[in-house]
Amino acid sequence: MELTQKKANKPPSYNLTLNNSIICYDLREFFNSSKKVANEKYIDNLSSIDDLYAFFSEPDTCGLGLIDNERLIAYVIFNTCGKNSNIQSIAVDSRYRRRGFGQQLLCQALDFSFNAGCRICILRVRVSNHVAIALYEKHNFSIKKKMYGYYENPSEDAFEMICYI
């Protein structure tokens, strides 16, 4: 499956090495490359690869992924539309958490969004995800509203959080 970018604005092609083995990639380039090893077997508690492909069917969708030894270990998927940026999904494999990778991806998405002309970033997070909420608050997100029954499997409420960038 070939992923195409429908908008000229896209994250730059990253070959940014974060440490000895972890590289930040534009997810479209990663999925379109010969590195077809990324799949849900390598990622616990993340969206399936099919779900990630579905995100990219939407115009103006951007994604960055952290790759370790050709395995997707973390990603952020977001879109930009006018003055708004919307983070659709951000996740880090549990084996790589608490190392700053989620923060790195969040900052990359916010920087890209700002440079694309966005001034507001919106995201949704499970009310039970205290670690993520703390990360977002550290980066000036605040809770805008509670969304009852937002998540399924398991059913849970969400906070919609907003950040002025």
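Predicted model: local features only at pLDDT ≥ 70, side-chain atom pairs only at ≥ 80, totals over all residues.
I take buried to mean under 20% relative accessible area, exposed over 50%, and partly exposed in between, with a 1.4 Å probe and protein chains only. I number residues from 1 along each chain as its sequence is written, and side-chain values use heavy atoms, without hydrogens and water.

**Cysteines**

I looked up cysteine 121 and found it buried, at 0% relative accessibility. A disulfide is a pair of cysteine sulfur atoms within 2.5 Å. The closest cysteine sulfur to that of cysteine 121 belongs to cysteine 163, 6.4 Å away, too far for a bond. By this rule I count zero disulfides. Cysteine 62 is in none, as its nearest cysteine sulfur, in cysteine 118, lies 8.9 Å away. Cysteine 62 is buried too, at 2%.

**Rings**

I pair rings of Phe, Tyr and Trp (its six-membered ring) if their centres lie within 6.5 Å; planes under 30 degrees apart are stacked, over 60 edge-to-face, the rest tilted. I find three aromatic pairs. One of them joins phenylalanine 78 and phenylalanine 112, with centres 5.6 Å apart and planes at 65°, so I log it as edge-to-face. This pair links strand β4 (residues 71-81) to helix α3 (residues 101-115), across 34 residues. I read helices (H or I, at least four residues) and strands (E, at least two) as DSSP runs, numbered from the N terminus. Phenylalanine 78 is buried at 0%, and phenylalanine 112 is buried at 12%.
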